[in-house]
Amino acid sequence: MTDTPLKLGFIGLGIMGAPMCGHLIAAGHQLFVHTRGKVAPAIAQSSATQCTTARGVAERADIVFLMLPDTPDVEKVLFGAGGVAEGLKNGSGKIVVDMSSISPVATKDFARRIEALGARYLDAPVSGGEVGAKNATLSIMVGGPDAVFERVKPLFEKMGKNITLVGGNGDGQTAKVANQIIVALNIEAVAEALLFASRAGADPARVREALLGGFASSKILEVHAERMIKRTFDPGFRIALHQKDLNLALSAAKELGVALPNTAGAQQLFSACVAHGGAGWDHSGMVRALETMANFEVGQKA
């Protein structure tokens with residue numbers, strides 16, 4: 001499949017979407033793209049064809065990828081005026097692949113509505129942030145029919161490394177929500193540990209180095225702890241987006257009758273950051289909420 005150039009669509013060319021789309025272009029496929037904001041120079045200067053509407057993308061492409069911020073954005077792009085659904089009306093056999101992180105419940109509804117038009121649907125949210133998108137090392141959690149997954153898998157392999165079919169439509173999004181719970185709680189744990197070590201008078205950079213060799217080692221300790229120490233909070237993944245994902249977790253947990261107390265606590269720390277103007281900070285910036293409570297900053301001299 002990958003030896004033959006395909007007609008692909010990509011909608012949503014933000015921090016994550018632009019490099020993901022770039023990997024598909026580099027693989028030799030014909031791309032039709034659409035995005036709400038300015039098209040990234042790397043895409044604008046490539047062979048990709050820019051379309052004025054999502055409908056235009058769907059009319060031209062056999063497989064359409066979405067990478068959008070939230071559930072309402074996906075719904076609007078799919079079913080709003082000039083949306084993907086309008087371009088699928090005579091496109092039996094086309095595939096829509098939503099790589100956004102959105103509601104599992106809404107995803108199941110979207111899949112049913114797209115399939116009613118004669119197309120197929122995969123939910124395929126990703127983990128790995130901007131670094132993973134640029135390096136094509138994303139983890140991709142997929143929900144949908146086996147045969148459709150196998151058809152799209154070679155394209156996923158151009159964007160990621162750990163690619164798993166979790167189950168039916170919606171299960172990919174459920175896995176992503178679970179991922180975001182784990183990531184948020186790990187960020188909180190690393191932030192608390194560095195704040196504690198720094199306030200006790202230890203060098204947080206050396207503490208991080210020591211912990212990387214032990215059982216506490218994690219990707220969060222490797223990447224996000226360094227951001228906390230170096231005070232580099234430009235977003236790889238914005239707090240506002242992680243807040244959205246934890247809202248999905250907490251609302252679903254309420255429906256399921258499941259208590260997620262530490263997830264709720266992490267969400268409150270994100271909310272504290274947003275209250276201080278941090279919606280656009282990288283999610284490692286959660287440490288700032290803890291620092292405010294402690295009146296002490298990681299790296300500050302005790």
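Arg231 is located in the loop that joins helix H11 (219-230) to helix H12 (239-256), where helices (H or I, at least four residues) and strands (E, at least two) are DSSP runs numbered from the N terminus. In this predicted model, local features need pLDDT of at least 70, side-chain atom pairs count only at pLDDT 80 or more, and totals for chains, interfaces and linings use all residues. Residues are numbered from 1 along each chain as its sequence is written, and side-chain values use heavy atoms, with hydrogens and water left out. The phi angle of Arg231 is near 60 degrees, a positive value in a residue other than glycine. With a relative accessible area of 25%, Arg231 is partly exposed; buried means under 20% relative accessible area, exposed over 50%, and partly exposed in between (1.4 Å probe, protein chains only).

Ala136, likewise not a glycine, has a positive phi of about 60 degrees. This residue occupies the loop between helix H7 (129-135) and strand S8 (138-143), and Ala136 counts as buried at 12% relative accessibility. A further loop, between helix H1 (17-26) and strand S2 (30-34), contains Gly28. Gly28 is partly exposed, its relative accessible area being 42%.

The protein chain comprises 14 helices and nine strands. Its radius of gyration is 20 Å, close to the 19 Å given by the globule rule for 302 residues, so the chain is as compact as a globular protein of that length; the radius is taken over C-alpha atoms, and the rule is 2.2 Å times the number of residues to the power 0.38. Along the principal axes, the C-alpha atoms fill a box of roughly 65 × 45 × 35 Å. Of the 302 residues, 49% count as buried. Among contacts (heavy atoms within 4.5 Å) with a separation of 6 or more, 67% involve residues 24 or more positions apart.

Helix packing is described next. Helix H10 (residues 204-211) and H11 pack at an angle of about 175 degrees, with their axes 10 Å apart; axes are lines fitted to C-alpha atoms, for helices over the stretch in contact, and angles run from 0 to 180 degrees between N-to-C directions. H10 is therefore roughly antiparallel to H11, given that angles under 35 degrees count as roughly parallel, over 145 as roughly antiparallel, 65 to 115 as roughly perpendicular and the rest as oblique. Pro204, Ala205, Arg208 and Leu211 of H10 make the contact with Leu221, Glu222, Ala225, Glu226 and Ile229 of H11. This contact has six nonpolar, no polar and three charged residues; Ala, Val, Leu, Ile, Met, Phe, Trp, Tyr, Cys and Pro count as nonpolar, Asp, Glu, Lys and Arg as charged, and the others, Gly among them, as polar.

The axes of helix H4 (residues 71-79) and helix H6 (residues 104-115) come within 11 Å and cross at roughly 5 degrees, which makes H4 roughly parallel to H6. Thr71, Val74, Glu75, Leu78 and Phe79 in H4 meet Ala106, Phe110, Arg113 and Ile114 in H6. Six nonpolar, one polar and two charged residues form this contact.

For helix H9 (residues 171-199) and helix H14 (residues 287-294), the axes come within 9 Å and cross at roughly 40 degrees, so H9 is oblique to H14.
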